[in-house]
Amino acid sequence: MALYIGVMSGTSLDGLDIALIEQTPAIRLIATHYVPMPDTLRADLLGLCASGPDEIARSAIAQQQWVKLAAQGIHTLLAQQHLAPEDIRAIGSHGQTIRHEPARGFTVQIGNPALLTELTGITVVSDFRSRDVAAGGQGAPLVPAFHEALFEEQPGNRAVLNIGGFSNLSLIEPGKPVAGFDCGPGNVLLDIWIHRQRGDNYDRDGQWAASGRALPTLLKSLLSDPFFAGKGPKSTGREVFNLPWLLHHLGQLPEFSAEDVQATLLELTALTIVESLQSAQQDTRELLVCGGGAHNTTLMNRLATLLPRAKVSSTSAYGVDPDWVEAMAFAWLAHCCLEGIAANRPSVTGARGLRVLGAIYPA
């Protein structure tokens, strides 16, 4: 029995997801723990997503705080499961993405894996994206190979959709290599707008979006962004879709209500997902949704309406909690690294070939 821990902190910056899995070789989720992100650390990390003064020192300090938070959560999880550090083969730590610009040849995740190893006494595998980018790939998304491992035995064409800050698809067809790409904004703009207008961190169940009506002129303007016209492989992040981007498009409208903007942003998320899926995989039988967006009832209902021929459900339909899929994926990626198993997919990222991903910091 091999036990691995995955630590995931996504673009939503709401907290750290920590998952304990067993690799036997089947993948089994054993336990989970969630650590909320302190407001000050969240603000510091958001500030690092754009250039600013003294950002090298600010980055170093922020990642120390991030690692201490992760180590605290890992020790709590171990205590809850009556496990010792030596019982865990490795931690797969995604770190926190602060820049992702594969077109310029780089991606940056901070998370000080050396410190995480020292604080936990466990081998850490990190820096999963850089090798794929070095091989000419997008470095993202990395989860399609894991989605394939979880769901490939199911019959028919299916897709796995992760809706975090951004949305990405994994396309699974029998007899074909898994494909996948980022679709565009997931929750990121919805979260930004509701926080700006109402002070809330997210739109629970999409209730505020449901109270408004999508604005056709704004939606057309948003959809004109060149990212949506491109085919995969492609990936994106806050460098493209952010508050200034949204305010630029809003500046072209004579007037609008805040709830109608929220409804439009939800429609943008739904439409870009569906259009991406329909252009890349015909006759999708089932769409399995994971990530925070799986809890947005309004968004899930809209996806079901736009995909009348496909069954739309969360990954819980197959016994996999949608909140923990990505943390599980990085635990699995640590396993692949230690075993010398290539975990990128050129059909997803556009890399020149298969590569073993990750850097190892031994305990």
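This is a predicted model: local features need pLDDT of at least 70, side-chain atom pairs count only at pLDDT 80 or more; totals for chains, interfaces and linings use all residues.
Residues are numbered from 1 along each chain as its sequence is written. Local features need pLDDT of at least 70, side-chain atom pairs count only at pLDDT 80 or more, and totals for chains, interfaces and linings use all residues, while side-chain values use heavy atoms, without hydrogens and water.

**View 1. Packing of helix H6 against helix H11.** H6 spans residues 188–198 and H11 residues 258–280; helices are DSSP runs of H or I with at least four residues, numbered from the N terminus. The two pack at an angle of about 170°, with axes 9 Å apart, which makes H6 roughly antiparallel to H11 (angles over 145 degrees). Axes are lines fitted to C-alpha atoms over the stretch in contact, and angles run from 0 to 180 degrees between N-to-C directions. H6 contributes Leu-189, Leu-190, Trp-193, Ile-194 and Gln-197 to the contact (heavy atoms within 4.5 Å). On the H11 side are Ala-258, Val-261, Gln-262, Leu-265, Leu-266, Leu-268 and Thr-269.

**View 2. Lining of the largest cavity.** Pro-141, Leu-142, Pro-144, Ala-145, Ala-343, Asn-344, Arg-345, Val-348 and Thr-349 form this lining. On a 1 Å grid over the protein atoms alone, a cavity is a set of points where a 1.4 Å probe fits but cannot get out, and lining residues have an atom within 4 Å of a point. Helix H5 (144–151) and helix H14 (346–349) each supply at least two lining residues.

View 3. Leaving out residues up to four places away in sequence, Asp-17 touches Gly-6, Val-7, Met-8, His-33, Tyr-34, Asp-323, Trp-324 and Ala-327. The C-alpha atoms of Asp-17 and Val-325 are separated by 9.6 Å, with the residues 308 apart along the chain.

Conventions: Angles under 35 degrees count as roughly parallel, over 145 as roughly antiparallel, 65 to 115 as roughly perpendicular and the rest as oblique. On a 1 Å grid over the protein atoms alone, a cavity is a set of points where a 1.4 Å probe fits but cannot get out, and a pocket is an open set with protein on both sides within 12 Å along at least five of seven lines; lining residues have an atom within 4 Å of a point.
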